[in-house]
Amino acid sequence: MKEQLLEKMKFNSQNYNLDEIKWLINNRGHPNSESRDKLIYRTFVRGMAKELFSIDQVRYMIDQLLEKDFILFEIDKKGEATLKRSFSLLLLSLIVTYDNEKGSIYYKLLDEEAFKKIENDTLTYFYKELDFSGYSDRFGWVHTFAHAADLMVAIVKHPLFNKKNLEAIWRAIMNYFRKIEIKPADDEEYRLVYIIKELFVHNILHEDKLKVWINREKFPRKNNKEYYQWSAFRSFCMAIYIELDHLSLISDELQKCLYDHINR
């Protein structure tokens with residue numbers, strides 16, 4: 001099957017059959033990084049961008065990912081189970097993104113129930129995932145929470161996003177910082193910033209609320225673990241400052257709030 005799919009990558013107009021779709025989904029978290037990143041995920045990206053998958057095939061992908069709870073697949077296990085969860089998140093981020101693109105044939109394929117499940121399962125993932133891998137010597141790029149952030153970004157940009165979950169999203173992000181035991185080495189905390197950025201860009205989150213959230217977070221530094229948690233949160237605040245300043249979306253008051261936490 002790999003050779004067959006590799007051959008299709010050479011052509012711009014090759015469509016895919018259902019057996020190929022099934023193989024791609026079943027191997028979304030393939031332990032070999034070459035197969036996973038350069039063949040399987042790239043095929044998904046190419047297929048969605050060039051509309052090489054039929055509408056029914058994308059509906060099949062959605063059904064498989066949601067009916068089998070792939071976001072939370074064997075959530076208490078690490079290793080290959082982590083890869084399956086992480087790349088389920090990444091595949092769903094593609095689907096949610098194209099579901100929100102008016103020019104795409106995949107526009108509005110997700111009904112409210114399916115979208116709600118994706119949103120709720122993603123929030124649950126932030127609380128239940130215990131594998132914080134960015135890069136793995138064994139598996140290559142795993143990017144657990146970076147991929148969760150990518151999906152959450154697509155969710156908050158979508159018109160079906162439940163704005164009542166705003167506080168829940170902040171708590172989910174903070175839960176990440178309070179669970180890590182070492183400082184992230186692969187910029188995972190910076191990917192989380194894009195969630196905050198998009199909430200600002202889409203006028204869902206306002207600075208008064210963000211200031212309240214930031215000011216209430218306390219990170220003691222009594223041991224190495226607590227220091228790493230504080231340091232990661234500090235990097236997060238610094239990145240928020242940079243992103244919002246670049247977009248001219250930051251006031252003097254919010255600058256001071258972030259600056260105080262960066263230099264605390």
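Predicted model: local features only at pLDDT ≥ 70, side-chain atom pairs only at ≥ 80, totals over all residues.

A: Residues are numbered from 1 along each chain as its sequence is written, and side-chain values use heavy atoms, without hydrogens and water.

Q: What span should helix 4 have?

A: The expected span is 1.5 Å times one less than the number of residues. Helices are DSSP runs of H or I, at least four residues, and strands are runs of E, at least two, numbered from the N terminus. Helix 4 (residues 55-67) has 13 residues and should span 18 Å; its end C-alpha atoms are 18 Å apart, which agrees. D69, with a positive phi near 50 degrees, follows helix 4.

Q: Which residues of helix 4 are buried?

A: An α-helix has 3.6 residues a turn, so residues three or four places apart point the same way. Buried means under 20% relative accessible area, exposed over 50%, partly exposed in between (1.4 Å probe, protein chains only). In helix 4 the buried residues are Q57, V58, M61, I62, Q64, L65 and L66.

Q: How is a ring pair described?

A: By the distance of the centres and the angle of the planes. Rings of Phe, Tyr and Trp (its six-membered ring) pair if their centres lie within 6.5 Å; planes under 30 degrees apart are stacked, over 60 edge-to-face, the rest tilted. The structure holds 18 aromatic pairs. F132 and F145 are stacked, at 5.3 Å and 10 degrees. F132 lies in the loop between helix 6 and strand 1 (135-136) and F145 in helix 7 (residues 144-157), so the pair ties together parts 13 residues apart in sequence.
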